[in-house]
Amino acid sequence: MRGNKKYFQEEQRQSPLVWVILLIINIIFIAGTIKQIGFDEPFGDKPMSDIGLVVVAVLILLSSFPLALLSKLQTFINSEGIYLRYFPFQWRYKFFDWRNVDKLSIIRYKPFVEYGGWGFRKKRKGTVAYTVKGRMGLKIDLKNGKSVLIGTQNPVYLNDILTELGKNGAVKG
């Protein structure tokens with residue numbers, strides 16, 4: 001972000017649903033480890049070795065919560081274009097210059113049906129989605145034929161900013 005005024009800024013974090021899913025997964029692995037090692041009953045149809053199970057359970061426990069805690073989708077929009085970062089998976093901002101944008105639209109999407117859930121998702125035909133939660137997003141159609149979806153929790157404000165910038169609908173450099 002090259003020092004120009006930021007017109008739109010949004011930071012999104014994981015929804016409580018992600019925390020619940022992570023908790024369930026961790027409980028399953030901890031219970032399975034206790035069952036297999038403590039009660040000498042195999043965990044699953046094709047159980048791992050005891051050491052393998054402990055290693056997997058510890059790795060899941062130590063990585064899932066910190067990743068979810070650190071994970072955030074950051075979006076900045078100014079007169080130059082759109083900046084996007086999905087930390088900690090992207091350390092640098094991805095930049096979409098207005099000159100490379102063909103069309104913008106704020107859309108309602110179906111996360112599981114259209115993209116297989118939230119997160120960083122790639123679809124066929126060059127569509128990429130960066131979403132954390134919700135069902136609203138900014139769809140960017142690029143001049144190279146690819147498209148990008150960026151989730152937003154502030155669609156009305158985003159639309160107002162794009163209108164102020166003269167960038168809603170067809171974008172003119």
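1. Leu61 lies in helix H2, residues 50-70; helices (H or I, at least four residues) and strands (E, at least two) are DSSP runs numbered from the N terminus.

2. Before going on, please note that this is a predicted model, where local features need pLDDT of at least 70 and side-chain atom pairs count only at pLDDT 80 or more, while totals for chains, interfaces and linings use all residues. Residues are numbered from 1 along each chain as its sequence is written, and side-chain values use heavy atoms, leaving out hydrogens and water.

3. Now for the inside. The largest nonpolar core has 22 residues, and Ile77, Ile82, Trp98, Leu104, Leu138 and Ile140 touch the most other members. Such a core is a set of buried Ala, Val, Leu, Ile, Met, Phe, Trp, Tyr and Cys residues joined through side-chain atoms within 4.5 Å.

4. Strand E2 is worth a look too: 7 of its 7 residues are buried. Lys72, Gln74, Phe76 and Asn78 point one way from E2, and Leu73, Thr75 and Ile77 point the other way. In a regular strand the side chains alternate between the two faces of the sheet.

5. Finally, E2 and E3 form a hairpin with 2 residues between them. The two strands pair in the antiparallel sense over 6 bridges, where pairing requires at least two bridges found by DSSP. Leu73 has Tyr86 in E3 as its bridge partner.

Note on methods
Buried < 20%, exposed > 50% of the residue type's maximum accessible area, 1.4 Å probe, protein only.
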